[in-house]
Amino acid sequence: MTTVLDSDRALDDEKADQFGFVGMAKRLAPSVIEASKGDGLVIGLEGRWGSGKTSLLNFLRTELVGSEVNGIHTITIAPWLNGDTSSMVASLLGPMSEILEREEKKLVERKGKHSQEVAGKMSEVGQMLRQYGPKTARRIASVASFAGYVVPGAKVAGDILNAGVDAAENFLPEGPTPSEMKRKISEKIQELDVSFIVILDDLDRLEPKQAVEVVRLVRSVADFPRVAYLMCYDREVLAQALKTGLKVEDGDLFLQKIVQLTFKIPLPEPFDLRNQFLTEAKKIYKEATNEDADRELLSDLKGAVEREGFSLTTPREVKLALNSVRFVFPQISDEVYFPDFCRLHLIKTTNYPLYRWLEEYLSVRAGLINDGAAVPVDEKTRLGEELKDILPSQGIGSSRSIWRLRRFIPGLQDVDTPRKCVFNSTSSAEISKMIELKRLGSPLHHRFYFALTGPKTVMPDEEFSELLDLARDNSQLLGERFSAAVDRRQNSGRTWFEHILDRLDDAVISKLDKKQLSGILVALSNMMDVALKEDGEYFVFSIGLDRKAEKLAKSCLRALASLDRRLQSEAVLSMAAEGRALNWLIGRFFRSQLFRHGRFGGDADTPEQWEISDELLDEVIGVIRGRLEEKNTIDLIPYMPEMSSFLFAWMNFSGDAPAIAWVRNFCGTDEGFLHVLEHLRGWSISDKIYYPLHEEEVSHFLDWDKTCDRLKEMRGGEFSEKVQELELAIQQGMN
């Protein structure tokens, strides 16, 4: 894999032109050439930084070079590289001197003059320019000393400049004045029938003092006939530099006295900029992952570029955003969702204050989930006010609206009250989906988007390889190692077991043999309840943990089916009949298979997407129903870390009656009643984590009104504190 950053150099290869600069150059060149045949003209090529001015100049220079056969010569000067006035004058007059001497020689030779006379004529031309250059440089330096002073009789910017020139000449040594010398040189240019096009690039990079000197060079010193100046600059930047350097009120007005006509580089079509970003982003993704973006990811990427790329205005912004993606994404490709990563770096390039705000907001939000803290009202107000300042528009379709963020940043809302704009309620299902896809809004992954933290391969390769060997040789010991990894946490709160699940991605799974695949399935089916129980206090992590384990199991089943269908059936039936992690197996994994096959719910997957066949699922259902009737299974229910998921799965596998009967019987005691309600609570987050109790969940098993009445009766009793907590959860569930 290679990651080649774009150096942002100006284009000079016509094949690399994506924004029509070549066509502009071909149409501009004849007009510039014609301008060089007159009394002298200053043309301003104007455009924002990054708009492609230098690229256009490169292509224009290519067009102009071909005109030299007609006596039109192009000279390029980069004032911001030259430094002082003398070197700038030399950069202009040196090439002019050489060209005039060469043309003088041709003219004299055509007239049949002797070589001595030819040399004399050439010497005359060269001597004039050599003398003129130093005097010109000294005069500009002298003129600069008049900047900011009122010259008698000067009323406008042009008068100030010219008055300064005249005043400066009074202080120069005796001899031919620069004006006299300029007249002679002008006559020589006319006699030799040559023209010059002088290109002055990057004037907007100059310091104010330098900008003043260059403009004076053009306006009052070297304005020879048959010389056209092509000045390239950002108008706002250069005008400000002139305002500062000359101490005038309006730098733009001063610039108008210098430049006779302007051509403003048109901004590229927004669609072209977004299309360039999308094209290059797809290449970056393939280089980093060695695979093309699938249909869903590509659709999300297009949507991200369409919305966030709308603010791109120059080719340079496209390059900056792409370079940010190129530089970081290959290092964290397994820890972020690529469309969100591109979206964030487009925001970073076009709206940096929003980028910084997102970093702070997501960090605080992750702290809510990881640490269970709450956000003070004044902090919510501050963050809300800052967001409204950054995105003031209230239009849903506007790129400057809070609405644009809601698709990928949780908890935001566009309302009048600032504190209510942030940390609004987000369901556990939404957070779970973000964690699963490693979205920017995921509390586990958001920091990877902003900093290179915690690479996925934190476990040494030797240790990971040892786990793969255990999968083949000792699935029981593998399960124990998995359980031990649950107890080990990093500073981020993530467990080593979660890192193991991350490393067991599709690329690794595709290389395992059938014994290893079967061993991983057995290990998961025996230890996942331990993982859910130990991870209970980090509730948000368990949401991601069980889904990651389920995803891994599905990947193993698909790979095993392709290697040995019979062995896959044996492994699945063994999981159902002998697996000890009943909460996860029945409440999560096999229940999800019921929905995938359309036995419940309305969004069944197609048979091509199934991990196991319909016939094998029928066998699994029979095995699980048998286990649900066993006393050992029933006795485990109160101790399950996610009891509610098991109860709902019980209803799916065996009908409603057995689960409802068990719940009502278990609620015969107040302690059992409160235990059931506690496990039926949901999960959401706004300014802190909430565990609401919804009527819909309770009503599957208990009469809602009777439940509320019973809680009222228990107020002030032995379990008053728990009752108060549950009644608050009921209120939260109604909001």
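This is a predicted model: local features need pLDDT of at least 70, side-chain atom pairs count only at pLDDT 80 or more; totals for chains, interfaces and linings use all residues.

I searched the whole structure and got two cavities of 30 Å³ or more. For me, a cavity is a set of points on a 1 Å grid over the protein atoms alone where a 1.4 Å probe fits but cannot get out. Points are joined across faces, edges and corners, and a volume is the space filled by probe spheres set on the points.

Residues are numbered from 1 along each chain as its sequence is written, and side-chain values use heavy atoms, leaving out hydrogens and water.

How much space lies in the largest cavity? I got about 50 Å³. Its lining (residues with an atom within 4 Å of a point) includes Phe464, Leu478, Ile500 and Ile520. Helix 19 (461–473) and helix 20 (475–487) each supply at least two lining residues, and helix 19 gives the most, with four.

Next, I looked up the largest nonpolar core and found 87 residues. Such a core is a set of buried (under 20% relative accessible area, 1.4 Å probe, protein chains only) Ala, Val, Leu, Ile, Met, Phe, Trp, Tyr and Cys residues joined through side-chain atoms within 4.5 Å. Helix 23 (residues 514–534) gives the most to this core, nine residues. Phe497 is among those with the most contacts inside the core. Beyond four places in sequence, Phe497 is in contact (heavy atoms within 4.5 Å) with residues including Phe482, Leu524 and Met528.

Terms used
On a 1 Å grid over the protein atoms alone, a cavity is a set of points where a 1.4 Å probe fits but cannot get out, and a pocket is an open set with protein on both sides within 12 Å along at least five of seven lines; lining residues have an atom within 4 Å of a point. Buried means under 20% relative accessible area, exposed over 50%, partly exposed in between (1.4 Å probe, protein chains only).
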